[in-house]
Amino acid sequence: MPMICRADLKWAATMVYAAAEPSDGVATAEAVFTNTGNYPIKITATHTSCGCTAAVTDGRAVAPGQMGKVDISFKTLGRRGLYEEAILIDTDDPAAKESTITLRVLIRNPVELLPTLLFWQPGEALTPKVIRVTVGDGFSLKNIDATCADPGVELHLEPVRAGAVYKLTVTPKTEHVKATITVTPEIEGRAVKPLVAHVRVS
């Protein structure tokens, strides 16, 4: 019996994820597929739902048993929050000429401080106050450090959930303090600017 020649494209996942910060300019992801048939398969076109998303391939046919990919990018400048974009992919697979891949991208700063100003009013007891340090979803924290050049401010940084949430306890030791706290995170695979918070004791 002669072998029937067919292409058969199987996606590793139809939902792909990316995380980025607004200043990155772009978030990137890959949609990976395998040709499980016995005939070469080719992506002939891609269509995105807005100008902020692009999806490209190298245009080559993928041999049976081999893997291919679609490179997806999403513009992050001026954006913040969770976005979801559908990408329509045309192929020469007779059984599945169209596929839809969904990109879900979270745009936020890798690490955020809240609040960024601690203030003690005149006559207020110099009791400790807390800054919450949160690592954004999709970012892998390797290390984090908090410093203050003013010896009149005592810091204590401890994990609430290691790698995700930290508590920075700030205790002024003298009155009339005007100091800056620098929080320096180390994120896997990217450079991150130090974050600052301010201490004011009147």
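Cysteine 50 and cysteine 52 are joined by a disulfide, with 2.2 Å between their sulfur atoms. The term covers a pair of cysteine sulfur atoms within 2.5 Å, and by this rule the count comes to one disulfide. The link of cysteine 50 and cysteine 52 is left-handed, with -60° about the S-S bond. In general, a disulfide is a covalent bond between the sulfur atoms of two cysteines.

A word on the model itself: it is predicted, so local features need pLDDT of at least 70 and side-chain atom pairs count only at pLDDT 80 or more, while totals for chains, interfaces and linings use all residues. Residues are numbered from 1 along each chain as its sequence is written, and side-chain values use heavy atoms, leaving out hydrogens and water.

| Residue | Relative accessible area | Class |
|---|---|---|
| Cysteine 50 | 24% | partly exposed |
| Cysteine 52 | 8% | buried |
| Cysteine 148 | 18% | buried |

Now to the strands, which are DSSP runs (E, at least two residues) numbered from the N terminus; two of them pair if DSSP finds at least two bridges between them. Four strands form an open sheet in the order E10-E16-E15-E12, with mixed pairing. Its edges are strand E10 (117-120) and strand E12 (141-148), each pairing on one side only. Neighbouring strands of this sheet are turned by 15° against each other on average, direction ignored; the axes are lines fitted to C-alpha atoms, and angles run from 0 to 180 degrees between N-to-C directions. Strand E15 (residues 177-187) pairs with strand E16 (residues 195-201) in the antiparallel sense over seven bridges. Threonine 180 stands opposite histidine 198 in E16.

Where do the nonpolar residues gather? A nonpolar core is a set of buried Ala, Val, Leu, Ile, Met, Phe, Trp, Tyr and Cys residues joined through side-chain atoms within 4.5 Å. The largest one has 24 residues, and Ile131, Leu168, Val170, Ile181 and Val199 have the most contacts inside it. Strands that each supply at least two residues of this core include strand E9 (111-114), strand E11 (129-135) and strand E14 (165-172). E15 gives the largest share, five residues.

Isoleucine 181 touches several residues, among them Ile131, Cys148, Leu168 and Val199, not counting residues up to four places away in sequence; contact here means heavy atoms within 4.5 Å. A second, separate core of 23 residues includes Ala20, Ala31, Cys52 and Val70.

Key
Buried means under 20% relative accessible area, exposed over 50%, partly exposed in between (1.4 Å probe, protein chains only).
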